[in-house]
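Open the model in a viewer and keep the selection panel at hand. The stops below follow the chain and then turn to side chains.

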Amino acid sequence: MARRRRTAATPFGLWADAMATGVATAVTLSVRVPQLLAGTMTAAESTRMVAEKAAAAGEGLLAGSAAAARVAARRLARLAPHRAVEDALEIAEAMSRPARRRVKANAARLSKR
């Protein structure tokens, strides 16, 4: 069954996503830190670890820029200063989505080991 994506562009939705990402980060770190300290992390895993962060940052930048453009286009068509917080949340959610997706995927992949 496919999971439905709820809209995170609310303060609570963004907070809930941040908490879930924090849990996934803890799972990932619980696997990677001992490997780093013991020197047992493979070169492929360390390269992947760095590359996926750079890719997530780039994707987040593009997604945030696209969201900002959508917000700007909407606001040019209809001025609504009272929607500024919603607009900012929409951009923040778009920018953080790639990183959240990767963190959760890492936690799932690394916790299977």
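The expected span of a helix is 1.5 Å times one less than its number of residues. This is a predicted model. Select residues 11-38, helix α1: its 28 residues should span 40 Å at 1.5 Å a residue, and the end C-alpha atoms, 40 Å apart, agree with that. Centre the view on Leu29, where α1 has a kink of about 30 degrees. Just past the end of α1, Gly39 has a positive phi of about 75 degrees.

Now colour the buried residues of α1: Gly13, Asp17, Thr21, Ala24, Thr28, Val31, Arg32 and Gln35. An α-helix has 3.6 residues a turn, so residues three or four places apart point the same way. The cover over the buried residues of α1 includes α2 (43-77) and α3 (84-111).

Move to α2, which has 35 residues and reaches 51 Å between its first and last C-alpha, close to the expected 51 Å. Its buried residues are Glu45, Met49, Glu52, Ala56, Gly60, Gly64, Ala67 and Val71, and their cover includes α1 and α3.

Next, show the charged side chains; the whole structure has 14 salt bridges. Which residue forms a salt bridge with Glu45? The partner is Arg32, with the closest N and O atoms 2.8 Å apart. Glu45 is in α2 and Arg32 in α1, so this pair ties together parts 13 residues apart in sequence. Glu45 counts as buried at 5% relative accessibility, and Arg32 is buried at 3%.

Then select Arg74 and Asp87, whose side chains meet in a salt bridge at 3.6 Å, N to O. Arg74 lies in α2 and Asp87 in α3, so the bridge ties these helices together. Arg74 is partly exposed at 34%, whereas Asp87 is buried at 8%.

Notes
Residues are numbered from 1 along each chain as its sequence is written. This is a predicted model: local features need pLDDT of at least 70, side-chain atom pairs count only at pLDDT 80 or more; totals for chains, interfaces and linings use all residues. Side-chain values use heavy atoms; hydrogens and water are left out. Helices (H or I, at least four residues) and strands (E, at least two) are DSSP runs, numbered from the N terminus. The bend at a residue is the angle between axes fitted to the seven residues ending there and the seven starting there. Buried means under 20% relative accessible area, exposed over 50%, partly exposed in between (1.4 Å probe, protein chains only). Contact means heavy atoms within 4.5 Å. A salt bridge is a side-chain nitrogen of Lys or Arg within 4 Å of a carboxyl oxygen of Asp or Glu.
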